[in-house]
Amino acid sequence: MKKNVFRALSLFLCLVACQVVTAQENYEFILNTKKIGAPVQSTMYGLFFEDINFAADGGLYAELVKNRSFDFPQSLMGWNIFGKVTVRNDKSPFERNPNYLVLSPSGHAHKHTGIENEGYRGMGFKEGASYRFSVWAKKLRGDGEQKIRVEFIDSHNDVIGKQELVINSSDWKKYTMVMPAKATEAKGSLRIFFTTQGSIALDHVSLFPTDTYKGRENGLRKDLAEALADINPGIFRFPGGCIVEGTDLETRYDWKKSVGKVENRPVNENRWHYTFTNRFFPDYFQSYGLGFYEYFLLSEDIGAEPLPVVNCGLACQYQNDGEHCHVPVGELDLYIQDALDLIEFANGDKSTTWGKVRSEMGHPEPFNLKFIGIGNEQWGNEYPERLERFVKAIRAKYPEIKIVGSSGPAAEGKEFDYLWPEMKRLKVDLVDEHYYKEPDWFFNNAARYDNYDRKGPAVFAGEYASHDHANKKQNSFLSALSEAAFMTGLERNADIVHMCTYAPLFAHVDAWQWKPDMIWFDNLRMMKTPNYYVQQIYAQHKGTNVMTLTTKEKKAISGQGGLYASAVYDKDQKSYIIKVVNTTNVVKDIAINLTGVKKSTTLSVGECIMMHHDLKAVNTLDEPQNIIPQKTSGTIENNTLSIKAQPQSFNLYTIKQQ
Ligand code: AHR
């Protein structure tokens with residue numbers, strides 16, 4: 001009897017489940033092809049880079065040695081030393097990185113002298129790949145040549161690469177050699193034995209893979225940089241974030257210290273080393289090896305407009321309470337000059353002071369900078385009164401440069417309401433908005449910009465990410481889907497939203513402070529999150545003009561029936577691109593009627609892409625392809641596109657005109 005009841009119940013549940021799976025709802029939308037709308041800016045979708053989560057040192061910057069010039073506050077942090085090794089700071093070749101090491105025999109034939117570096121949570125080596133080792137060195141004592149033996153060590157303490165280097169000069173000199181690795185290892189280290197009897201000095205011990213992005217010597221990790229290029233970003237904001245402000249002004253990001261000879265760029269504290277005591281990283285510093293020149297170069301390489309952000313005379317306002325922590329308004333000259341000099345560094349010709357610096361670094365042509373951000377997440381009247389001075393000076397000298405101001409750290413509230421009118425008063429060109437919110441906020445705010453003032457500055461959604469708290473703030477498919485839904489609203493309002501960038505960009509799996517993040521990596525591998533693919537789909541299909549896509553009642557599609565949709569036209573490709581997000585658990589049968597199509601024009605379906613998965617699903621380094629864009633389809637007849645949007649899916653359809 002019990003068995004029969006159980007069977008009947010199972011059958012009933014199965015029927016209900018089948019109904020849910022097959023349930024469909026029908027919708028009709030209108031795309032008016034006669035109304036080609038506002039241009040979509042080339043800068044619309046981009047990237048925001050900050051050295052957080054080991055994004056620069058230990059991440060994108062391909063240097064494998066941590067504390068390469070022994071100038072961290074603890075000069076041997078990251079290093080083990082053995083035998084007779086001393087730290088000195090007299091007669092260094094690099095005045096802003098004064099420390100160096102002296103290696104001498106220990107006095108006993110069996111006690112070796114040398115040093116080893118642990119890298120950034122280990123060093124990644126790939127079998128068959130080659131690495132460029134370099135060191136500044138000189139002989140201090142001893143006849144003839146002095147020698148070191150450089151070794152790559154795996155996590156079992158076995159040698160997986162070995163080569164000897166001769167130090168033959170009594171003057172400081174850079175020595176370089178290329179070494180192959182015989183095995184793959186994610187947690188390796190670098191060991192150096194001093195093998196002769198004199199004594200030597202070493203400084204700036206460096207190791208890069210030779211296969212960096214674009215093959216540059218002071219280069220970037222190829223897989224990570226390529227992932228950025230593959231997005232097709234239109235704007236690249238750098239170097240942060242909170243690190244622009246600094247915990248105090250002393251530790252703010254100072255772009256002038258990040259250019260010039262790489263060996264002489266001073267180490268700076270990274271505020272993310274202590275921002276969260278539950279994610280504490282006392283070995284997190286900024287080498288500035290990835291500095292402003294490299295950021296400009298990367299922008300150029302990936303085809304994005306550079307958007308540098310400079311400090312406005314305010315230290316991080318979360319961490320500093322009171323005027324005394326900041327630069328007095330009347331004493332901002334140095335900071336304003338830094339902003340002006342930055343524009344000269346980017347755009348000035350060789351005859352200018354800073355244009356010359358850029359040119360001598362290898363880029364005689366200007367970088368063609370068009371935008372500059374003044375301040376990051378600032379608030380209170382402290383901000384506009386400082387910003388005003390910057391605006392005046394920049395407008396006077398560089399009227400063509402567009403200025404980005406801040407609306408504070410939140411998407412709404414007192415500071416936000418105060419700052420937007422101030423930004424209008426100061427006539428900045430764009431206002432940077434930040435929102436790190438729950439998925440529901442993103443669903444509920446997709447129409448955020450529909451009624452924004454069209455007369456003021458444009459919007460730069462400069463930092464945003466959906467934080468799926470219920471799913472431990474992982475980069476879940478739900479978080480990506482909610483961003484995709486929200487972005488239909490960005491796209492629909494591209495007349496006023498000129499830029500948007502997800503944040504943060506990178507995170508090392510063993511050294512992160514903040515999540516979610518767009519790309520995760522370890523020392524060898526990289527994983528693109530579903531959020532990455534959402535950004536990529538938008539950026540690769542941004543079109544050239546906004547199109548009006550509505551319900552039959554002429555309403556924007558923003559949540560009705562759990563659907564979100566937007567459309568653009570691509571003049572160059574002669575195609576319409578429609579994005580549809582279905583947030584429900586039923587299939588949506590949608591007919592999109594393209595009105596106003598000329599009789600002589602034939603429409604056909606082109607590329608169709610879909611992302612569809614369990615809401616809790618994530619990608620991992622072991623399963624990076626769990627959630628990736630797939631092909632989908634649609635049919636077109638009588639100028640009507642018919643699609644079936646799968647439950648919980650983000651879909652893109654291209655319609656070609658002939
Ligand atoms: O993206 C992480 C941080 O979030 C940024 O540094 C800051 O601007 C914001 O508070």
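The charged end of Arg 271 lies over the ring of Trp 272, 4.8 Å from its centre; a charge sits over a ring if NZ of Lys or CZ of Arg is within 6 Å of the ring centre and within 35 degrees of the ring normal. Likewise, the charged end of Arg 279 sits over the ring of Trp 512, 3.6 Å from its centre. The model is predicted, so local features need pLDDT of at least 70 and side-chain atom pairs count only at pLDDT 80 or more, while totals for chains, interfaces and linings use all residues. Residues are numbered from 1 along each chain as its sequence is written, and side-chain values use heavy atoms, with hydrogens and water left out.

Rings also meet one another. Rings of Phe, Tyr and Trp (its six-membered ring) pair if their centres lie within 6.5 Å, planes under 30 degrees apart counting as stacked, over 60 as edge-to-face and the rest as tilted. The count comes to 55 aromatic pairs. One of these, Phe 54 with Tyr 284, is tilted, at 4.4 Å centre to centre and 45° between the planes. Both Phe 54 and Tyr 284 are buried (under 20% relative accessible area, with exposed over 50% and partly exposed in between; 1.4 Å probe, protein chains only). The rings of Phe 442 and Phe 486 have centres 5.2 Å apart and planes at 80°, so this pair is edge-to-face. Phe 442 and Phe 486 are buried as well.
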